[in-house]
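This briefing covers a handful of residues, grouped by topic. Please look over the sequence and the model before reading on.

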Amino acid sequence: MSIFSLLDEDLEKETRSKMADKLTEIPIPVSYLSGYPNIPDLDEVYGVSYLVGPNSWYLIEISNIKEHDWLKDDVDNWWKSSAYQQLKTFIAKITVVNDSAERGVKQIQEYVDSSQDESLRLLQTFYLKIQTRGPEAFSKL
């Protein structure tokens, strides 16, 4: 997903240019790998351009951008390209979801809800026993 950085206008122009240079050196794949990517050891990463690879073409391809000449232009001129603008619009509309984090939040919420239900049941039971037996029923605890 290093392609997101390519469009980050806050990123240094030199870095974005290196990324574009590296991307244009890589042939567009006929097919793409699916599944979880191999995450490189970040201690060995020497900049975002290091992360550019064949799968970096994926978002450009699914956005139906056929013109890639803007990648060879100076970064200051990218904004003039309709293909660049189309990619920016496409990327901006992507909804990012962290499935594992959302599952974790849901499980925690279910646990909290069940704990609250259990605590409420215990309090209700305790209250009923006090009402029916009186406080001395608990003096032996």
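Is asparagine 64 buried or exposed? Asparagine 64 counts as exposed because its relative accessibility is 52%, where exposed means over 50% relative accessible area, buried under 20% and partly exposed in between (1.4 Å probe, protein chains only). The model is predicted, so local features need pLDDT of at least 70 and side-chain atom pairs count only at pLDDT 80 or more, while totals for chains, interfaces and linings use all residues. Residues are numbered from 1 along each chain as its sequence is written, and side-chain values use heavy atoms, with hydrogens and water left out.

**Asparagine 64**
- Asparagine 64 is in the loop between H3 and H4; helices are DSSP runs (H or I, at least four residues) numbered from the N terminus.
- The phi of asparagine 64 is positive, about 65 degrees, although the residue is not a glycine.

- Threonine 24 belongs to helix H2, which covers residues 13–25, and counts as partly exposed because its relative accessibility is 30%.
- The side chain of threonine 24 reaches the backbone oxygen of aspartate 21 at 2.9 Å.
- Leaving aside neighbours within four places in sequence, threonine 24 is in contact (heavy atoms within 4.5 Å) with Trp57, Leu71 and Lys72.
- Leucine 71 lies in the loop between H3 and helix H4 (82–92) and is buried, since its relative accessible area is 1%.
- Threonine 24 and leucine 71 are 47 residues apart along the chain, and their C-alpha atoms are separated by 7.1 Å.
- With neighbours within four places in sequence again left aside, the contacts of leucine 71 are Leu6, Ala20, Leu23, Thr24, Trp57 and Trp78.
- Aspartate 69 is 45 residues from threonine 24 in sequence, with 9.1 Å between their C-alpha atoms.

**The loop between H2 and H3**
- Serine 56 is found in the loop between H2 and H3 and counts as buried because its relative accessibility is 9%.
- Not counting residues up to four places away in sequence, serine 56 touches Ser2, Ile3, Leu23 and Leu51.
- Tyrosine 50 is also in the loop between H2 and helix H3 (58–62), and its 39% relative accessibility is why tyrosine 50 counts as partly exposed.

**Surface patch**
- Tyr46, Tyr50 and Leu51 make a nonpolar surface patch of about 360 Å².
- Such patches are made of residues with over 30% relative accessible area and no salt bridge, with nonpolar side chains (Val, Leu, Ile, Met, Phe, Trp, Tyr) joined within 5 Å; a salt bridge is a side-chain nitrogen of Lys or Arg within 4 Å of a carboxyl oxygen of Asp or Glu.

Note on methods: Helix = DSSP H or I, 4+ residues; strand = E, 2+ residues; numbered from the N terminus. Polar contact = N/O pair within 3.5 Å; in protein donor to acceptor, adjacent residues only side chain to side chain. Patch = residues over 30% accessible without salt bridge, like charges linked within 9 Å, V, L, I, M, F, W, Y side chains within 5 Å. Areas by Shrake-Rupley, 256 points an atom, 1.4 Å probe, with all protein chains shown as cover.
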